[in-house]
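Reader: I have never read a protein model before. Could we go through this one in short steps?

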Amino acid sequence: MKITATDALLVIDAQNDFCEGGALAVQGGAGIMPLINRLAERFDAVIATQDWHTPDQISFASNHEGRAPFTEIDVAYGRQMLWPDHCLQGTPGADFHPDVAPAVVKALAVVRKGYNPAVDSYSGFFENDHRTATGLAGLLRDRGVTRVFLCGLAYDYCVRFTAEDAVREGFEAVVIEDACRAIAEETAAAAKASFAALGVVEVAAERLL
């Protein structure tokens with residue numbers, strides 16, 4: 001698979017809180033950071049996304065009395081999973097993992113998401129209301145990007161929703177499977193089925209290195 005000038009690498013939420021020892025750790029999260037760096041070397045355009053929450057974020061279970069993390073509630077824009085507090089603005093947990101520093105330094109932009117306390121945000125393109133845009137699509141179009149490659153955390157949430165929205169926004173989307181990690185098997189299977197239905201391609205990193 002040949003990488004061209006119209007391709008971009010999206011590094012999704014490669015943050016401390018999503019890695020071992022973090023508030024919402026994804027098993028094996030830290031281990032993919034060196035691979036992400038190697039992939040970033042191959043792309044002219046690299047963009048990183050970053051969860052950037054306030055303490056009163058609607059998706060934090062701590063803001064809903066009697067509710068536990070990993071349960072769902074109804075909010076104005078539909079069903080919302082409740083999470084442990086994570087990626088609070090300006091905290092070490094929100095920082096990019098130190099092992100992914102080369103990719104982040106190369107990034108032409110960092111797209112912060114989830115900073116509106118009333119709406120969570122998984123996708124790098126839209127908040128969870130599916131209406132509020134982050135500006136990522138416009139940035140990619142301005143650079144002439146037609147295809148995006150995705151890596152990072154977590155495969156079954158932020159990578160998934162970003163890939164789905166990429167297709168809806170008219171981009172080709174390629175998920176680099178072994179440069180992602182998932183939260184749970186069930187949701188990972190749902191992501192894989194969604195990718196197949198939408199035409200999102202999945203590849204191994206070795207095809208790009």
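Reader: In which loop is the place of His130?

Author: This is a predicted model: local features need pLDDT of at least 70, side-chain atom pairs count only at pLDDT 80 or more, and totals for chains, interfaces and linings use all residues. Residues are numbered from 1 along each chain as its sequence is written, and side-chain values use heavy atoms, leaving out hydrogens and water. Helices (H or I, at least four residues) and strands (E, at least two) are DSSP runs, numbered from the N terminus. His130 sits in the loop between β5 (109–113) and α3 (136–142).

Reader: What is the phi of His130?

Author: His130 is not a glycine. Its phi is positive even so, at about 65°.

Reader: Is Phe70 buried, partly exposed or exposed?

Author: Phe70 is in the loop between β2 (45–51) and β3 (72–75). It too is no glycine, yet has a positive phi of about 70°. Buried means under 20% relative accessible area, exposed over 50%, and partly exposed in between (1.4 Å probe, protein chains only). With 47% relative accessibility, Phe70 is therefore partly exposed.

Reader: Which peptide bond is cis, with omega near -10°?

Author: Look at the loop between β6 (147–153) and α4 (155–168), where Ala154 lies. The cis bond runs from Leu153 to Ala154.

Reader: Which element gives the largest share of the lining of the largest pocket?

Author: Take a 1 Å grid over the protein atoms alone: a cavity is a set of points where a 1.4 Å probe fits but cannot get out, a pocket is an open set with protein on both sides within 12 Å along at least five of seven lines, and lining residues have an atom within 4 Å of a point. The lining of the largest pocket includes Glu72, Arg79, Tyr122 and His130. Two or more lining residues come from each of β4 (78–81) and α4. The largest share is four residues, and its source is β4.

Reader: How much space lies in the largest pocket?

Author: A volume is the space filled by probe spheres set on the grid points, which are joined across faces, edges and corners. By class, Ala, Val, Leu, Ile, Met, Phe, Trp, Tyr, Cys and Pro are nonpolar, Asp, Glu, Lys and Arg are charged, and the others, Gly among them, are polar. The pocket lining has five nonpolar, four polar and two charged residues. The space is about 220 Å³.

Reader: What is the volume of the largest cavity?

Author: Searching the whole structure gives one cavity of 30 Å³ or more. Its 15 lining residues include Phe18, Leu24, Trp83, Tyr122 and Cys158, which lie nearest its centre. The lining divides into nine nonpolar, three polar and three charged residues. The volume is about 120 Å³.

Reader: How many of the eight residues of helix α1 are buried?

Author: The buried residues of α1 (33–40) are Met33, Leu35, Ile36, Asn37, Leu39 and Ala40. They pack against β1 (7–12), β2, α2 (101–106), β6 and β7 (172–181). Helix α1 is largely enclosed by the rest of the structure, because the buried count is six.

Reader: What is the relative accessibility of Met33?

Author: Contact means heavy atoms within 4.5 Å. Leaving out residues up to four places away in sequence, Met33 touches Ala14, Cys19, His97, Asp99, Val100 and Leu153. Met33 counts as buried, with a relative accessibility of 0%.

Reader: How far apart in space are Gln50 and Asp13, C-alpha to C-alpha?

Author: Gln50 is in strand β2 and is buried, at 4% relative accessible area. Beyond its neighbours within four places in sequence, its contacts include Asp13, Phe96 and Arg112. Gln50 and Asp13 are 37 residues apart in sequence, but their C-alpha to C-alpha distance is 4.9 Å.

Reader: Which elements do the buried residues of α5 pack against?

Author: The buried residues of α5 (185–198) are Ala188, Ala191, Ser194 and Phe195. They lie on the same side of α5, because they cover an arc of only 120° around the axis (taken from the directions from the helix axis to the C-beta atoms). The face turned away from that side carries the exposed Glu185, Glu186, Ala196 and Ala197. The buried residues pack against α4, β7 and β8 (201–203).

Reader: Which residue just after α5 takes a positive phi?

Author: The 14 residues of α5 reach 20 Å from first C-alpha to last, close to the expected 20 Å. That expected span is 1.5 Å times one less than the number of residues. Just after α5, a positive phi of about 85° belongs to Gly199.
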